[in-house]
Each structure stands twice: as C-alpha cells, then as structure tokens.
Amino acid sequence: MAKTPAISRKNAKRGVNTDDELSAPSRWNRFRRRLDSLAGSPGASYYWIIGTTVALTSIGLMTVLSASAAESISAGDDPYYLFIKESIFAGMGLVLMMALSFVRPSGLKKLAWPGLMGSGVLLVLVVFTPLGVEIGGNKNWISFGNAIQFQPSEAAKLALALWMGVILARKGELVKDWRHTIIPVVPVGVIMVGLILGGHDLGTAVIVMAVVAAGLFFGGATLKVLIPSVLGGLLAAVLLAALSGNRTSRLSGWLGNCSADLGLCDQAQNGLYALASGGWFGVGLGQSRQKWSWIPEAHNDFIFAIIGEELGLLGTLVIIGLYGVMAFAIFRVIMKRNDTFARVVCGAILTWIIGQAFVNIAMVTGLLPVIGVPLPLISYGGSALVVVLAAIGVVLSFARVRAEPIAEPESAKQDQ
C-alpha cells in the first residue's frame, strides 16, 4: 500500500486542496501558451524593446517631475500636477502598448485606413475650425473642452506608417516603377504635411517628411525617386523657414547673430550652460539651477539639458545608449521579417522615434537650430507619449509574430 506523502497529509489536515495548488501554475502556463499560439512567441528583440521603453519612460517621468516642479512653484501652482498628469498618460500608453503587441499584422492592416482618415479629419478641424488651439505659436492642438485636448499630428505619424505599409505591400514589385512609388504615397504625405504646416508646426512637419521617406525606402523605392524626394523636402523646409520671421530669427540666432535685446539665443545658450555645468556626473537629481525660469520649456523641448545638468555627461550617454539599443532591436525585427508591410511600418516608426530623438538632442547641443521638437518618451506631453508607446506596441506585435511566408502571385497559382 503506497504511503501518503507527509506534505499531502499536512495539507489535508489544514483543509488545503493540493490539486488546486498544483494546477494553478499549469493554468497560467496554459494561458501563456495560448496567448503565444495566437500572437506568436516573443523573441529577444521583444524584451530589449520593452526594457528600453520602460527605462526611457521612467527617466522621463523622473525628469519631468524635477523640471516642472520648479516652473510650477515659480508660478504658484501645484508642483506635482504635471508629473501626476504625465504619469497617468504613461500608464495609459503602456497598457495600449501591451494590448497592441498582441494584435496580429492582419488586425493592424484593418487600422490603417480608419487611422489615416481619422487623423486627416482631425488635422482639418485643427486648422480650419475654432476647435484648433494655439500653444507657443503653433496651432497643432485640438480641444473638445477642458477635459479632452491632444495633438492630431502625433497620431498622423503612426497612421501614415500603417497606411504606407498596407499600400506598398499591395504594390509589391510595382513599387520599382516611379509612378507607383509616388502615387498615392507622396500626394497623401504632402497633404498631411500641408495640414500640419497650416498650424505653423515646422518641426513636426519635418519629422512627418522623414517618416514618408523612410516608408518609401523600406518599401523598396529606387534611389532615382528617393534622392529627389528628400532634396525636395529639405528645400521646402528651408524655404518655409526663410518665409517666417520667427523661424528666420531662430536660424539667425543659431548662426551666431544673437541680440541681447531680443533674446534670440537665450534658450539655446542656457541649455548649453546647463550641459556644461553638469560636468561628468551632474549636480544631483533635482538640483538643476537652469530650470528655475532660465530655460523656457525646460520640462518639454529642452529636458535633455536638465538631464545633462543633473545627471552629467554620464546621464546623457545613458539616454543615448538606450535609444541606440532600441534602434538596434527594432532593426533586428525589420531584418527578421520577410514581408513588406512589417518592414515599412517598423522602418517608419524607427525613423520617427530615433530621428526625432536625434533632432532634439542636436537642437539642445547647438548642432541644429531650435525648431520645437520634443524628446520621445522623455519630454512632457500626454498625447505624444501615448502615441509613441502605441507605435512601440505595433513594433512589438511584429517582434512577437513569427515571419509569415510570402504569398504566391496569382499568376503562379493559376499555372499550378
């Protein structure tokens, strides 16, 4: 007669159901395997992307608290208000990111056209209706009362990435013909950029131009189309900057024509002072002096300068390193996929996030003129944070789903 183990006898005396104890882990494992069977097994890139995203978002919340508290105290407001608000958006964005990571590519394709049309309609409302709100000289916000206010231009970046992936994937080899490359991607991109420029937001328009160019590149467009398109976009950006008095003054200040009376270089110079005073290891978290009304928008466009002052050169290198790891992980996802849709979408999102980070850091360090581009995942801004996290969730979806075989052309099926 088999003996009952001592642990089982003790559990029986306490009234514990040992079957439930043993089945609990197996239930979780079955649930996890079920999810993996539906959405695909996550690879190493999946975890690298999540790790860098959470790290950058956490650093952003910490720095937003440090920078915004000083400005709020100076204005007599609650020092924790902006931090709490940003934390709520971060939580919403992370939940949306994980939800989208379980959506298969077929589901993402269904979001492309509604996303493009919805963001286009919202941009029209911003420019041509009283719903548009002007902040800092740019009319790129839409407001439905005090409770709902966001930037449609941020959503337009993700919508364009998904839509271009669908269009270029359908074209297949036809994309090598310049007519199929340009139409309809370039006209739609021009319309979206034009609507954003209607709100005087040149910085966001430049990023959207880069997203369109990246989509064409990863979609297989030839250099004969890409080079003229890129040069045309750069020329248009320079002309728009030259035709605006505000942008011309910023460009003049960047070239060294500063005036103490006009204060053209105050923001850029104080940003460099913050970076210089940080030294190797910084003055300490929360101890920045430049954030006390010396740097306008310290918690937004120039938050990298606050990081450099409080955490030093080491802190800035950590930020750059995290963006570098994220870029490498996303690029691995692109290389492992064998379908055009995944390459275009992930390539456009990669160019958007890393390109915008490069522009912001170059702007703060004086390598580029100040054009008002925030630092992704770190700068204050609820709608921007939520949309960037959603875009990363889309990339995670491709990192989870195993590569799907390329569909055979209809002609090959008929021959068989």
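Reply: H4 passes H15 in a right-handed crossing, a term for the case in which the near helix is turned clockwise from the far one by less than a right angle, left-handed being the anticlockwise case. The model is a predicted one, in which local features need pLDDT of at least 70, side-chain atom pairs count only at pLDDT 80 or more, and totals for chains, interfaces and linings use all residues. Residues are numbered from 1 along each chain as its sequence is written, and side-chain values use heavy atoms, with hydrogens and water left out.

Helix H4 covers residues 81-101 and helix H15 residues 382-400; their axes lie 7 Å apart, at an angle of about 20°. The axes are lines fitted to C-alpha atoms over the stretch in contact, and angles run from 0 to 180 degrees between N-to-C directions. H4 and H15 are therefore roughly parallel (angles under 35 degrees; over 145 is roughly antiparallel, 65 to 115 roughly perpendicular, the rest oblique). Helices (H or I, at least four residues) and strands (E, at least two) are DSSP runs numbered from the N terminus.

On the H4 side the contact includes Glu-86, Phe-89, Gly-93, Met-97, Leu-100 and Ser-101, and on the H15 side it includes Gly-382, Leu-385, Leu-389, Gly-393, Ser-397 and Arg-400; contact means heavy atoms within 4.5 Å. The residues of this contact divide into 13 nonpolar, five polar and two charged. Here Ala, Val, Leu, Ile, Met, Phe, Trp, Tyr, Cys and Pro count as nonpolar, Asp, Glu, Lys and Arg as charged, and the others, Gly among them, as polar.

Ser-397 belongs to H15 and is buried, with a relative accessible area of 0% (buried is under 20%, exposed over 50%, partly exposed in between, with a 1.4 Å probe and protein chains only). Leaving aside neighbours within four places in sequence, Ser-397 touches Leu-100, Ser-101, Val-103, Arg-104, Pro-105 and Leu-108. In the loop between helix H14 (340-364) and H15 sits Leu-377. Leu-377 has a positive phi of about 70° although it is not a glycine, and is buried at 6% relative accessible area.

Elsewhere, three strands form an open antiparallel sheet in the order S1-S2-S3. S1 and S3 (149-150) stand at the edges, each with a single partner strand, so one side of each has no neighbour in the sheet. S1 (residues 132-135) and S2 (residues 138-143) pair over three bridges; pairing requires at least two DSSP bridges. Val-133 has Trp-141 in S2 as its bridge partner, and Gly-132 stands opposite Ile-142. Two residues separate S1 and S2 in their hairpin, and Gly-136 in the turn has a positive phi of about 65°.

Ser-153 is in helix H6 (residues 152-171) and is buried at 1% relative accessibility. The peptide bond from Ile-183 to Pro-184 is cis, with omega near 5°, and Pro-184 lies in the loop between helix H7 (178-182) and helix H8 (185-198). His-200, in the loop between H8 and helix H9 (202-218), has a positive phi of about 65° although it is not a glycine.

The chain has 16 helices and three strands, and buried residues make up 45% of its 416 residues.
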